[in-house]
Amino acid sequence: MPDPSLALYVHMPWCVRKCPYCDFNSHQLKSAAPDGSYIDTLIRDFDLELPRLAGRRIDTVFFGGGTPSLFQPEDFSRLLGLCGCAWRWRRCGNHLGGQSGDHRAWTIRGYRDAGINRVSLGAQTFSTRALELLGRIHSADDTHRAVAELRAARLDNFNLDLMYALPQQTAEEAAEDVRIACALAPAHISYYQLTLEPGTVFHSRPPPLPDEDAAWQIQSTGQRMLAEAGYVQYEVSAYAREGRRCRHNVNYWLFGDYLGIGAGAHGKLSLELPQRILRTTKPKQPREYQEQARRAAWQIHDTQQPLAKAHSLPSRTYPSNSC
Ligand code: SF4
């Protein structure tokens, strides 16, 4: 049986500020910039995983977070250069996610030159009031500016994250968000309902949200508008133009393999002799992750199950909220 497709997921766990609805493994920055030694740890993590992957090719690389754009283009050059040296690439899908206002002094061109060929912008909404209620650090203008920079850098393959059923949101406001998002013509739109996840600020102090009927009306109107604008729904919350589905995420749905490096990253690898699934989990806390990387003390789940029986999605692969 041929090897399943192989993806690389790289977790970058810091944000300028923690959003009150977020249950991702993200930690508020306590300094002006993330700890640069984290990149060294990622490289060590990757090197430790190498022996398990002998001869296989990586199809896609996805940098998630947190806010990956807090790191500099040179950091991505190092990581992608490492992969390029160590691996043959079948097709190169290098994805960077981030908040619209977080690319700081370094520019989108810098990321493009570092090898990033797909970007995800956490727009969420274009309403100033809703952005404030969501605790976002960016404005709608930041999102427009980021899109203009992407176009100027000829990085047209970008995703916009959009959330609906926001605190105090009306059907008209939600429809206006979808209209503006479509007018920006991204290749891909992630259209998520805001949900209250355990462990978040919103879960302990819930804001006033639209009721179920209102949320359904908002969702169905949004879906119709997206379809009319040429975005085809191919996952629960993913909508893409022709040929622009996110190959990295589709790989999860198709039970492909993924190598997870970084704090809290999960991995799943199909191994032979005997055929089985190996699952890996890295520590969630960045400091503990870096410490364990020094000792190479990862948690490994070697199921010893036949491949066909062992395929299942890890619980944290698909967060319910967007970034
Ligand atoms: S939603 Fe995104 S930007 Fe906000 S804290 Fe979570 S990972 Fe960071």
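A residue counts as buried if 20 or more other C-beta atoms lie within 10 Å of its own. Keep that in mind for this tour of a predicted model.

Start by selecting residues 158-164, which form strand β7. Seven of the seven residues are buried, so the strand is largely enclosed by the rest of the structure.

Now show the side chains of β7. Which residues point one way from the strand, and which the other? Phe158, Leu160, Leu162 and Tyr164 take one side, while Asn159, Asp161 and Met163 take the other. Residues on either side are buried. In a regular strand the side chains alternate between the two faces of the sheet.

Then select residues 188-193, strand β8. This strand is also parallel to β7, to which six bridges join it. Leucine 160 has a bridge partner here too: isoleucine 189. To follow the chain from β7 to β8, select helix α6, residues 171-183.

Finally, colour the chain by pLDDT. The average is 87, and 84% of the residues score at least 70. Where does pLDDT stay under 50? One stretch is residues 85-92, with eleven contacts beyond four places in sequence. Another is residues 308-321, with 22 such contacts. Where pLDDT is low, the predicted coordinates should not be read in detail.

Note on methods. Residues numbered from 1 in each chain as written. Predicted model: local features only at pLDDT ≥ 70, side-chain atom pairs only at ≥ 80, totals over all residues. pLDDT = per-residue confidence, 0-100. Contact = placed C-beta atoms within 7 Å. Buried ≥ 20, exposed ≤ 12 C-beta atoms within 10 Å, placed from the backbone. Helix = DSSP H or I, 4+ residues; strand = E, 2+ residues; numbered from the N terminus. Pairing = 2+ DSSP bridges. Right-handed = clockwise from strand over helix to strand, strands pointing away.
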